[in-house]
Amino acid sequence: MKIVAVIRESSAQVQNQIYALAESIRPLGGSAQLIYLRKCEDAGELPDFRGYEKVLAVRPKGTLPEDPEVWADAAEMFVKPDEEVLAVLPATMEGSEAAALLAGRLGCGCLLNVKTLRQSEEGPVLSRPAYSNNLTVSFVPESLPAVCSVTVQPAAEVPEGEAPAVEEVQLAEAYEEPSWLEDAEIIPRAEEEGITAAKRVVVAGRGVGSREKIPQMQELAEALDARLAATRPVVYDGWVDKSCMVGASSAIIAPELCVVMGASGAAAFAAGVEKSKYLVAVNNDPSAAVFRIADLGIVEDCNALAEALLRELGGEKVG
Ligand SMILES: Cc1cc2nc3c(=O)[nH]c(=O)nc-3n(C[C@H](O)[C@H](O)[C@H](O)COP(=O)(O)OP(=O)(O)OC[C@H]3O[C@@H](n4cnc5c(N)ncnc54)[C@H](O)[C@@H]3O)c2cc1C
């Protein structure tokens with residue numbers, strides 16, 4: 001198996017990325033090649049490439065736009081779909097996106113945010129955290145090529161040995177911004193306290209029925225001075241933002257009051273709310289598992305109950 005690390009020349013962190021990927025790749029044994037995508041045609045000195053057997057420094061024509069699509073495009077020139085290769089990118093936001101794009105183009109598997117790599121008889125073993133860091137899951141790719149992004153530890157060790165020879169390649173074509181792109185802007189997320197800090201939470205489950213019912217649940221949450229949270233299907237269907245998700249693979253919450261509306265109480269969800277001090281569950285199915293973890297269970301249509309509660313409160317906020 002060939003191992004190819006793909007790093008894009010970027011910030012001051014790039015030397016650490018080079019060392020860190022070399023360190024992560026080392027337990028796989030064998031030698032690794034580094035494809036180093038330079039920022040621009042007239043980029044200055046090259047960093048230290050110790051830890052790799054071979055380095056290909058790719059110089060763009062003009063400037064390589066800071067776009068994961070372009071990173072994946074460039075990587076695709078050097079990693080072929082018929083090769084037995086594991087491509088490793090740094091698990092930065094752009095690196096992981098480029099890894100997924102590269103895998104899509106190669107038509108192969110991709111695993112993001114891998115923490116450790118090692119070799120086994122079955123092939124390379126890629127391990128990464130799962131369930132909000134509560135478990136470590138290990139994968140062996142069924143076939144190669146495969147792509148992964150690997151978490152970059154800060155202050156990685158400087159690899160031993162000599163720096164390898166660097167082959168420089170100049171791309172003939174310039175990268176252009178796509179014609180459809182008129183303007184790009186990064187809109188920072190509003191800094192909000194997470195749902196884990198909230199004293200009261202209303203959780204919307206799939207039983208609320210549709211995205212159109214979410215504003216009523218939000219209204220109920222506000223009336224109860226609570227934060228709105230949601231189960232995984234509600235988040236995955238795009239009814240609410242993913243920062244709202246609770247459960248074993250997202251946020252584990254322990255508020256004073258948790259009102260669960262229309263959720264079945266599946267184990268992966270229950271793990272996220274069962275530490276609540278007082279848990280109210282509303283479900284129209286009396287046999288729903290959620291009632292097993294509830295302090296108060298109400299067999300009712302959750303939307304009708306929300307409406308009645310809001311009417312009862314008449315715009316008053318429960319302090
Ligand atoms: C690896 C893995 C990780 C997971 N991690 C999470 C996680 O972190 N968080 C998470 O939430 N899930 C997680 N899940 C998914 C989880 O197993 C369940 O599928 C999910 O929690 C179900 O969401 P739900 O209860 O909203 O929907 P459903 O299971 O569809 O339940 C809907 C409930 O609403 C009730 N209902 C329907 N209509 C009404 C109504 N009008 N009024 C009242 N009740 C009504 C139904 O009786 C039913 O009980 C994970 C699954 C896997 C495999």
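**View 1. Cys110 counts as partly exposed, at 33% relative accessibility.** Here, buried means under 20% relative accessible area, exposed over 50%, and partly exposed in between (1.4 Å probe, protein chains only). Cys108 is buried, with a relative accessible area of 19%. The two sulfurs, of Cys110 and Cys108, sit 7.3 Å apart, too far for a bond. A disulfide is a pair of cysteine sulfur atoms within 2.5 Å, and by this rule the count is zero. Keep in mind that this is a predicted model: local features need pLDDT of at least 70, side-chain atom pairs count only at pLDDT 80 or more, and totals for chains, interfaces and linings use all residues. Residues are numbered from 1 along each chain as its sequence is written, and side-chain values use heavy atoms, with hydrogens and water left out.

**View 2. Glu9 pairs up with Arg38 in a salt bridge.** The term covers a side-chain nitrogen of Lys or Arg within 4 Å of a carboxyl oxygen of Asp or Glu, and the structure holds eight of them. In this one, the closest N and O atoms are 2.8 Å apart. Glu9 sits in the loop between strand S1 (2-8) and helix H1 (14-25), while Arg38 is in the loop between strand S2 (32-37) and strand S3 (54-61), 29 residues apart. Helices (H or I, at least four residues) and strands (E, at least two) are DSSP runs, numbered from the N terminus. Glu9 is buried at 8% relative accessible area, and Arg38 is buried too, at 0%.

**View 3. A network of salt bridges links Glu69, Asp73, Glu76 and Arg105.** Arg105 bridges to Asp73, with the closest N and O atoms 2.2 Å apart. Asp73 lies in helix H2 (residues 68-76) and Arg105 in helix H3 (residues 93-106), so this pair ties together parts 32 residues apart in sequence. Arg105 also bridges to Glu76, at 3.8 Å between the closest N and O atoms. How exposed are they? Asp73 counts as partly exposed at 30%, as do Arg105 at 29% and Glu76 at 28%.

**View 4. The second largest pocket has a volume of about 350 Å³.** On a 1 Å grid over the protein atoms alone, a pocket is an open set of points where a 1.4 Å probe fits, with protein on both sides within 12 Å along at least five of seven lines; lining residues have an atom within 4 Å of a point. Grid points are joined across faces, edges and corners, and the volume is the space filled by probe spheres set on the points. Of the 20 lining residues, Thr231, Arg232, Pro233, Ala266 and Phe269 lie nearest the centre. Helix H5 (232-236) and helix H6 (267-273) each give two or more residues to the lining.
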